[in-house]
Amino acid sequence: MEEAGSLENEKIEMDCLLEAIFRKYGYDFRSYSRSHVLRRLRRRVEIDGLLSFSELQHRVLYDESCLQRVLQDLSINVTEMFRDPAFYQVIRAEVIPVLRTYPFVRIWHAGCASGEEVYSMAILLKEGGLESRCRLYATDFNEATIEKAKDGIYSLADIRSYTANYQKSGGTGVFSDYYTASYDSAIMNRELKKDIVFAHHNLVTDGEFGEMHLIICRNVLIYFNRDLQKRVVSLFSRSLARGGFLWIGSKESLRYDDPEEAFEPVVENARLYRKRYGTDE
Amino acid sequence: MKRATSDGNGSAGHFPAPSQAAGLVVVGVSAGGLEALKRVLGGLEAGFPLPVVIVQHRRSDSDSLLTRLLSNWSGLPVSEAEEKEPPLAGHAYLAPANYHLLIETDGCFSLTVDEPELFARPSINALFVTASDYWGPRLIAVVLTGANADGSLGVQRVKARGGRVVVQDPGEAEFPVMPSAAIAAIGIGAVDYIARLAEIPGILAHLAVAS
Ligand SMILES: C[S@@+](CC[C@H](N)C(=O)[O-])C[C@H]1O[C@@H](n2cnc3c(N)ncnc32)[C@H](O)[C@@H]1O
């Protein structure tokens, strides 16, 4: 039987590695889910043929390209268009009509990965009559993935499954009108991009965005420990206008993350919340 | 039995108490799983002393139907595992479709959407490895019917950390590939039990209280 001690050493070495990354490069993974970080770093050590996290730490400190690989490992950029289509129906029914009552609408898409969700939202807004009356701030801490989001080019194979999702989400148009196919890729229409601002933002270390009407942050909080989840939910509360909406991932909840009860559920099952009136910090 | 604590999983290394009593059952199952789970969960009695955590491979868009079916068949309450919740004794949990289910370093559940492993999300290996990190010798891992080799790496890890491994008899399994691969991965001598579905609930009840 393997010594429990080697597992303990592994955790110590992991802490040292995360500390080193933070001190040298400013990326702070110390409050991420430890099982997730452990799993991804073990995979990196195996792929690179290293012996231990300590060896990885040495490389990360002296070779920035190694840091880039580790960043990529720890930021899971997996995403889809109209993921959980039934939830998009809820947004069409509950959120769009409220947004329509504002003269100008500000939406923050935190942890937008390669942009599939942002374009889904842009389509929803267009179909809801909000085109040109809104600004979507799409942010992620991973620069490489933001570049992909800006390009808005996706594989046609993926687009096929997105088309089915779009239809199930209550789409009122023809999905192929929103992109141009070229060889085996689809390029999202320029009109969809004109209301979107892509930017670099780290939820752990950067500050709030003012007076948003809707914040979308799905499948990002699952990577954080409870303490960091709380901090980020409070950041969202501070970034929202009164009555603003928060939409999180289908397996996430605010049960432990909102001790001040800044939010109330709109449709709990759809993980849609609203900042209470009278709450302001 | 030690109950999972939640300290926000911030601080380093807190391990389960050195007691040898089992703390958690993990189950991996793929093709043919519905019938197999019906028999295994159906055979566990209410008040089973451990949490039972299940990865059943399924389509990425499948809904809560499986959970409802299993609830009807089992003496234990069955629900989908929820992010950052501690697994409770006498309760069965299913990994949600399209997410990997991990056991966090404080014993609670953690979900991720990183790439499928061996074409599977949820991945049996991901659950087994992280559960074994936390529970070590106090983990009981069960591999049932399936048409791929997910779980093999997981049982290797479970054995390396001194846990128990129960595998469905491939001769009986609707799809023998997965149980056969698990047996081959650790060697037949290292498997604690190779058993038929009808026997597995009894074995689990025995292992749960044995020390
Ligand atoms: C799994 S993706 C979610 C994508 C999309 N929201 C969805 O649900 O399909 C998680 C994203 O969160 C980003 N992320 C992780 N930590 C972050 C942080 N501290 N600040 C900003 N973004 C972060 C990752 O780079 C990644 O793109």
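This is a predicted model: local features need pLDDT of at least 70, side-chain atom pairs count only at pLDDT 80 or more; totals for chains, interfaces and linings use all residues.
**Stop 1: chain A on its own**

You will find 10 helices and 10 strands in it. Its radius of gyration is 20 Å, close to the 19 Å that the globule rule gives for 281 residues, so chain A is as compact as a globular protein of that length. Of the 281 residues, 55% count as buried. If you look at contacts between residues at least 6 apart in sequence, 77% join residues at least 24 apart.

**Stop 2: two salt bridges inside chain A**

Next, select Arg34(A) and Asp15(A), and show their side chains. They meet in a salt bridge, with 2.9 Å from N to O. Arg34(A) belongs to helix 2 (residues 34–47) and Asp15(A) to helix 1 (residues 4–25), so the pair ties together parts that are 19 residues apart in sequence. Are the two partners buried or exposed? Arg34(A) counts as buried, at 5% relative accessibility, while Asp15(A) counts as partly exposed at 25%.

Stay with helix 2 of chain A and pick Arg43(A). Its side chain forms a salt bridge with that of Asp73(A), at 3.4 Å from N to O. Asp73(A) sits in helix 4 (residues 64–74), so this pair joins parts that are 30 residues apart in sequence. Here Arg43(A) is partly exposed, with a relative accessible area of 33%, and Asp73(A) is buried, with 4%.

**Stop 3: where the chains meet**

Now bring chain B back into view. In this interface, 39 residues of chain B are in contact with 34 residues of chain A. The two chains bury about 3,100 Å² between them, 47% of it on carbon and sulfur atoms. There are 20 residue pairs in polar contact between the chains. To see which elements of chain B take part, color strand 5 (100–103), strand 6 (109–112), helix 3 (124–135) and helix 4 (152–160): each gives two or more residues to the side that touches chain A. Helix 3 of chain B gives the most, with 4 residues. By type, the residues on that side of chain B divide into 12 nonpolar, 13 polar and 14 charged.

**Stop 4**

Then select Arg39(A), Arg40(A), Asp114(B), Glu115(B) and Glu117(B), which are linked in a network of salt bridges.

**Stop 5**

Zoom in on Glu80(B) and Lys251(A), a salt bridge with its closest N and O atoms 2.9 Å apart. Glu80(B) is in strand 3 of chain B, and Lys251(A) is in the loop between strand 8 (240–248) and strand 9 (263–267) of chain A. Glu80(B) counts as buried at 18% relative accessibility, and Lys251(A) as partly exposed at 22%.

Finish at Glu83(B), in the loop between strand 3 (78–80) and strand 4 (92–94) of chain B. Glu83(B) is buried, with a relative accessible area of 9%. Its side chain makes a polar contact of 3.3 Å with that of Gln229(A). Show its surroundings too: Glu83(B) touches residues including Leu221(A), Ile222(A) and Lys251(A) from chain A, and Phe109(B), Ser110(B) and Leu111(B) from chain B.

Technical notes: Residues are numbered from 1 along each chain as its sequence is written. Chains are lettered from A and ligands numbered from 1 in the order in which they are written. Side-chain values use heavy atoms; hydrogens and water are left out. Contact means heavy atoms within 4.5 Å. Buried area is the accessible area (1.4 Å probe) that two parts lose on being put together, summed over both. A polar contact is a pair of N or O atoms within 3.5 Å; within protein, one must be able to donate a hydrogen and the other to accept it, and residues adjacent in sequence count only if both atoms are side-chain atoms. Ala, Val, Leu, Ile, Met, Phe, Trp, Tyr, Cys and Pro count as nonpolar, Asp, Glu, Lys and Arg as charged, and the others, Gly among them, as polar. The radius of gyration is taken over C-alpha atoms; the globule rule is 2.2 Å times the number of residues to the power 0.38. Buried means under 20% relative accessible area, exposed over 50%, partly exposed in between (1.4 Å probe, protein chains only). A salt bridge is a side-chain nitrogen of Lys or Arg within 4 Å of a carboxyl oxygen of Asp or Glu. Lists of a residue's contacts leave out its neighbours within four places in sequence.
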